Amino acid sequence: MKSPLLRKIILPLIVLVILGGFGWVVTQQGPMAPTQVTVAPVTRQAIAASIFGIGTVEARYSYRIGPTAAGRIKQVLVDVGDSVQAGQTLAVMEGVDLEARIQAAGLAAERASASIASATAQTKEAAARLSLAQREAQRQRELAAKALVSQSSSDTRQQDLAVTTAAVEASKAALEVANKEQQRLQAEQQVLRQQQANLVLTAPVAGMITTRDAEAGTTLVAGQPVLTLADPQSYWVKARIDQSQALGLRAGQAASITLRSAPQQALAGKLIRIEPISDSITEERIVGIAFTPVPAALSSGELAEVTLQTGQKAAVLVIPNAAIQQHDGQTGVWKLNGDNTLQFTPVQTGIQSLDGQVEILSGLQADDNIVVYTSKTLSATSKIKVVQQLAGVKP
Amino acid sequence: MISLAARDIAHSWSKYVFTGVGLGLLIGVTLSMAGIYRGMVDDAQVLLRNSHADVWVVQKDTQGPYAESSSLPDDIYRGVLGMPGVEQAANVTYFTMQVQHQGKDTRVMVVGFEPGQPGAPPSLVAGRHVTRSHYEAVADVKAGFKLGEKIRIRRNDYTIVGLSQRTVSTGGDPMVFIPLADAQAAQFQKDNDAIVSGRERTAANPAFNRPSVPGLLEAVQASQITSHNVNAVLVRVRPGWDAAQVAADIQRWKHLQAYTYADMEEIAVQKLIATSAKQIGLFLVILTLVSTAIVSFIIYTMTLGKIREIAVLKLIGTRNSTIAWMILQESIGLGLVGFIIGKTVATLWAPVFPKYVLLLPLDAVLGLLVIVLVCTLASVMAIRAALKVDPAEAIGG
């Protein structure tokens, strides 16, 4: 171990390696190391603004079919998933006492006819009596004028005439009452027949049964649905768009719809309704997007993602949104000057595309170099090292 | 004048260097331990820095959202926004969960944020920021996700569109940032079985399922699955306004708890990680003591190993101070070699640690001073032993 070679070469070599390693560690690793950044130029290119929202597939027209009066279900003829025609019988309610009531109303109407006959007879009798009383009163008046009978007798006949006249009017009124009673009973019978017709629940339009809410034997109140019918051609997506992104929505815009069941497949759609009232709690606009065309076998309630193309700009200054930073309460980017120093430049941004490109309205020029990714928060005095890819990041 | 220490080291340099390496590894462990402590504190602070907030508004009488759970209605922020001195106010949610990644569970903190508002992810290291209002996520690099991968949170898949760095919770769990509305739903979302059985339970309750009131049951069930709660409102104060004053105003008039950055730091650093920090601090002290003892023993045995040579030196009339200086130089030299190796290895193995290890230059300087001090003290015993040597031993033995 006393060889001079060892002392003269190996010892300094070891010292050099250790010191070199230490120097490298101190300057290139840890807190004193330069911050790694990636740099990209500001480019001039086209940018498309899009709006993204989520919604659910719903039937635009959905019919809840139920009885108009409280009652019990007799039969439900269709099941969920069945296609039905307009006017088809879907369910029947039980009449309970309706038939009996119609019968009673019929009998009452017949009785009213009898009353009319009796009233008519009475009218005739009264008319006959009136005619006799008129003649008798006339005769007595003439005889009284010749003083052949007493005045008292003539007055009695006059009174008879007045009484008989009144009796004729009374009998006419009674006939009128009997007629009206008959009409009333007929109308009542009509109502009951109508109610009987309402017991049959029919489809207002052609469509598909989506729910079956009650079974035979169930007693329902008026308005409670037995079945729900939806028109499959009216399926659309009711989507919710965040208010902060809702700028530029216009009816008629083309949309791309992705159903949760088929995330790889984009379906064509069209924005057909923008509701005038926003949801103030969730801060979202509600829009309706129709399928063009409506695909088969849609499921109501399915989650759908909607992307709307709202605008396009050609040849504007564009940067990646990852470059935008907050510094001292300002929004801007770190611009790389020619001498490798950093300068924070506040910018104004315009539209943003869904792939993360942002339009720059002011603050930057084309071909300015800006910092996109950084391994540490930057400051104007940061020591930086421009790299292609930050260390330790596998994208 | 010839340096006795240099001569002595050169004489048995291999032994010296190997001892230095051993000591260096021990110093490396000590420095790493200090780095782990600093990393823990930094984890807590980075969470606060990343949120870009001046004031945290949380549920009254809680120390949320990091140290305690806190729940606020999500429209509170509008009232806060109306307070004087408030520039920005944004809802934010935090919850910790396990996510599946390549068949393994990864513990992450899911953050619900609003783009461009306080609480949004800071600078990225790859990819882009979230542009869609649903089902996109930015994840911390440490979570192990790659761009374009899907991450399942509760019932929905989120596409990773960007990666961030040093975005962790106080516990060091990597963060996953998702849009606020999704996070609100996910935070309180139950699994499908629980929802279905919940519906049945409600339907079985006669108070909610009344035949005479059609639609009541559906309304009750709908109200049970929506959530309009958030964990905190992050506030940025207008330039020129005092954050403490704004926080005091919010606390007084909105009947909520409001913390400034300093308050929050106190909670996050002093309270949340106090026990762990003490644990590591104590360990650091023990490690320093052990290192001191080991350095003393090494120097002492090295001195004893060359006791005959020292006796010869004494015999030829070398002064005591020269011998003492030689031993001190060797001791401090050993310390320096140990420090250089220790600092190097600590830096090299720091990234391998699962949690963040922050090696501050100040800590290194402090460590160097301590090592020099410890080596000086350690050499005292050896110097005493050397000075007590009888020159006669050189010839007598």
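Q: What lines the largest cavity in this predicted model?
A: In this predicted model, the residues around the largest cavity are L47(B), N50(B), S51(B), Y66(B), Y94(B), V111(B), G119(B), A120(B), M175(B) and F177(B). Two elements of chain B, α2 (13-50) and β9 (175-179), each give at least two residues to this lining.

Q: Which residues line the second largest cavity, and how do they divide by class?
A: The lining consists of L31(B), A34(B), G35(B), K343(B), L358(B), L359(B), L360(B), D363(B) and A364(B). The elements α2 and α12 (361-387) of chain B each give two or more of these residues. The most come from α2(B), which gives 3 residues. By class, 6 are nonpolar, 1 is polar and 2 are charged.

Q: What makes a pocket something other than a cavity?
A: A pocket is an open set of points, whereas a probe in a cavity cannot get out. The second largest pocket has a volume of about 640 Å³. Its lining has 26 residues, and R64(A), T211(A), D213(A), P225(A) and E218(B) lie nearest its centre. Two or more lining residues come from each of β2, β3 (62-65), β8 (207-212), β9 (219-220) and β10 (227-230) of chain A, and from α6 (216-225) of chain B. The lining of this pocket has 11 nonpolar, 10 polar and 5 charged residues.

Q: Why is the pair E283(A) and R78(B) called a salt bridge?
A: The rule asks for a side-chain nitrogen of Lys or Arg within 4 Å of a carboxyl oxygen of Asp or Glu. In E283(A) and R78(B) the closest N and O atoms are 2.8 Å apart, so the pair meets the rule. The rule finds 1 salt bridge across the interface of chain A and chain B.

Q: How many residue pairs are in polar contact between chain A and chain B?
A: There are 12 such residue pairs, with both residues at pLDDT 80 or more. On the side of chain A that touches chain B, α1 (4-28), β2 (43-59), β15 (303-320), β16 (325-327) and β21 (369-374) each supply at least two residues. The largest share, 12 residues, comes from α1(A). By class, this side has 27 nonpolar, 17 polar and 9 charged residues.

Q: What area do chain A and chain B bury between them?
A: The buried area is about 3,900 Å², with 63% of it on carbon and sulfur atoms. Chain A brings 53 residues to the contact and chain B brings 42 residues.

Q: Where is the cis peptide bond that joins T292(A) and P293(A), and what is its omega?
A: Omega is about -5° for this bond. P293(A) lies in the loop between β14 (284-291) and β15 of chain A.

Key: Residues numbered from 1 in each chain as written. Chains lettered and ligands numbered in written order. Predicted model: local features only at pLDDT ≥ 70, side-chain atom pairs only at ≥ 80, totals over all residues. Heavy atoms only, no water. Contact = heavy atoms within 4.5 Å. Buried area = accessible area lost by both parts, 1.4 Å probe. Polar contact = N/O pair within 3.5 Å; in protein donor to acceptor, adjacent residues only side chain to side chain. Helix = DSSP H or I, 4+ residues; strand = E, 2+ residues; numbered from the N terminus. Nonpolar A, V, L, I, M, F, W, Y, C, P; charged D, E, K, R; others polar. 1 Å grid on protein atoms, 1.4 Å probe; cavity = no way out; pocket = protein on both sides within 12 Å on 5 of 7 lines; lining within 4 Å. Points joined across faces, edges and corners; volume = space filled by probe spheres on them.
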